[in-house]
There are 2 protein chains.
Amino acid sequence: MKVVLLGSGNVATHLGQALKSAGHQILQVWSRTFENAQQLAVSLDASPISDLESLSEEAEIYIISVSDNAIPAVCAQFPFQDKLIVHTSGTTGLDVFDGHLNRCGVFYPLQTFSKQRAVDFQKVPMLIEGSSTNVTGDLLALAKSLSHKAVILNSEQRKALHVAAVFACNFSNHLYSIASEILSQNKMDFDLIRPLIEETAAKAQTFNPQEVQTGPAVRNDQLTLAKHFEFLKDQPELRKIYQLMSQHIINFYQKS
Amino acid sequence: MKVVLLGSGNVATHLGQALKSAGHQILQVWSRTFENAQQLAVSLDASPISDLESLSEEAEIYIISVSDNAIPAVCAQFPFQDKLIVHTSGTTGLDVFDGHLNRCGVFYPLQTFSKQRAVDFQKVPMLIEGSSTNVTGDLLALAKSLSHKAVILNSEQRKALHVAAVFACNFSNHLYSIASEILSQNKMDFDLIRPLIEETAAKAQTFNPQEVQTGPAVRNDQLTLAKHFEFLKDQPELRKIYQLMSQHIINFYQKS
């Protein structure tokens, strides 16, 4: 397909590369900041623009990949009425398109994208929603050209998935950062804990996480919990997280 | 070495198997419950016992691998004065051995062990502490026969490492469980989120987690945070966790 990318952040970058690798043609990359548009456009053999009035009419799909709060402004300035336009946001509904409801949709790749690291897009679940059966079909075909896993979800499900992803990914990564801080405060290297992080995630690939929960809280080992709580006495924020998570684990397994 | 294992839980099971695979001889497996001792002993070609008075004098090392609050009772009943005795606990100090301080130590494998899943022990960091240089040397040699990574830590560092491991592993796994619940409440499969979990942990193998944090909190994307908060309105406990973790992320990256 002929594609215009609106945005130049992590998602736009990885999605653009995946589209190009799959044989699609990126006509333009738009960003409010011309330098950002240019940087991504060069790697995609596309033209950079920073003015929505310069949007090409030639594209078959316009993909908005900007921060959630910037989507409405881009939609409002989008000059075409009958072009297929989608966004890549987990939490934004289809209703954001408002005046462009003729042919619009969502094209949400569920992955954590960092510019420093390549991603195998074939493994990235693509969550699709379309304003009509035709649009959904087109988006599904595009998604399948990029990924082994393309699934149709409605806006409410997609939001739930995004919330779940924040817990499983964003919060987990932050827990790794907390662990890294505790280690460095005590003159130990983060390498010590990397195999544990790897194994924890590897277990979740084949088991339900509830089946393989370990640690003092699931054993309701009050002695160890108390010692850890005492250890964190000078770090009240970490103590709060430790307390809340441990109590949630204890309640979770008492109920089940 | 000739080994007696005191305990029959996850750690004792995995450690026993690793010791046997590395060519060590497990003489006996002790557990308060004879059936548990028997079950593990069979797989290790060892004799099961449930009475500490039947402990063999032949072993070169006695490894206590029971829950932290049960360690003192086992120590108190341990009948030998000059035998090498160790425990496998992250949070328990060397001082638990009290009357057995002649030759004692700690032999702590940092991993999440579940009975359902085999572990490549070569990759498990072994944290060592000994009551004397000789003991430390013996424990280091034993650890190196099992793992590529054997490190000497004092009791305070080992406790810090254990606390860090609770954050990075136990709490992360529980966040996977929370994600799993949210997905199932909204009729989606946990499979959808498995690639994200895998990639999040894979990133932490080569990057510092602070460098690759993603999600609404690190962007301070208040619109998305508010939508997610609203989404969780009927689940006050999850809302509390969402709020506390997001605020901690926001503060963490504002400071740094």
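Student: What makes helix α7 of chain B roughly antiparallel to helix α8 of chain B?

Tutor: In this predicted model, α7 (residues 222-231) and α8 (residues 236-255) of chain B pack at an angle of about 165°, with their axes 10 Å apart. Angles run from 0 to 180 degrees between N-to-C directions, the axes being lines fitted to C-alpha atoms over the stretch in contact. Angles over 145 degrees count as roughly antiparallel, and α7(B) is therefore roughly antiparallel to α8(B). Their crossing is right-handed, the near helix being turned clockwise from the far one by less than a right angle.

Student: Which residues of α7(B) and α8(B) make the contact?

Tutor: With contact meaning heavy atoms within 4.5 Å, α7(B) contributes Gln222(B), Leu225(B), His228(B), Phe229(B) and Glu230(B), while α8(B) contributes Arg239(B), Tyr242(B), Gln243(B), Ser246(B) and Ile250(B). These residues divide into four nonpolar, four polar and two charged; Asp, Glu, Lys and Arg count as charged.

Student: Why are α6(A) and α5(B) called roughly parallel?

Tutor: Helix α6 (residues 194-206) of chain A packs on helix α5 (residues 155-185) of chain B at an angle of about 15°, with axes 9 Å apart. Angles under 35 degrees count as roughly parallel, so α6(A) and α5(B) are roughly parallel to each other. The crossing of α6(A) and α5(B) is right-handed. Leu196(A), Ile197(A), Thr200(A), Ala201(A) and Ala204(A) meet Ala165(B), Ala168(B), Cys169(B), Asn173(B) and Tyr176(B) there, and the contact holds eight nonpolar, two polar and no charged residues.

Student: Which residues touch the most other members of the largest nonpolar core?

Tutor: A nonpolar core is a set of buried Ala, Val, Leu, Ile, Met, Phe, Trp, Tyr and Cys residues joined through side-chain atoms within 4.5 Å. The largest has 124 residues, and Phe167(A), Ile193(A), Phe167(B) and Ile193(B) touch the most other members. Beyond its neighbours within four places in sequence, Ile193(A) is in contact with Ala179(A), Leu183(A), Leu110(B), Leu161(B), Ala164(B), Ala165(B) and Ala168(B). Another core, of 31 residues, lies apart and includes Leu19(A) and Val86(A).

Student: How much of chain A is buried?

Tutor: Buried residues, those under 20% relative accessible area (1.4 Å probe, protein chains only), make up 59% of the 256 residues in chain A.

Methods:
Residues numbered from 1 in each chain as written. Chains lettered and ligands numbered in written order. Predicted model: local features only at pLDDT ≥ 70, side-chain atom pairs only at ≥ 80, totals over all residues. Heavy atoms only, no water. Helix = DSSP H or I, 4+ residues; strand = E, 2+ residues; numbered from the N terminus. Parallel < 35°, antiparallel > 145°, perpendicular 65-115°, else oblique. Buried < 20%, exposed > 50% of the residue type's maximum accessible area, 1.4 Å probe, protein only.
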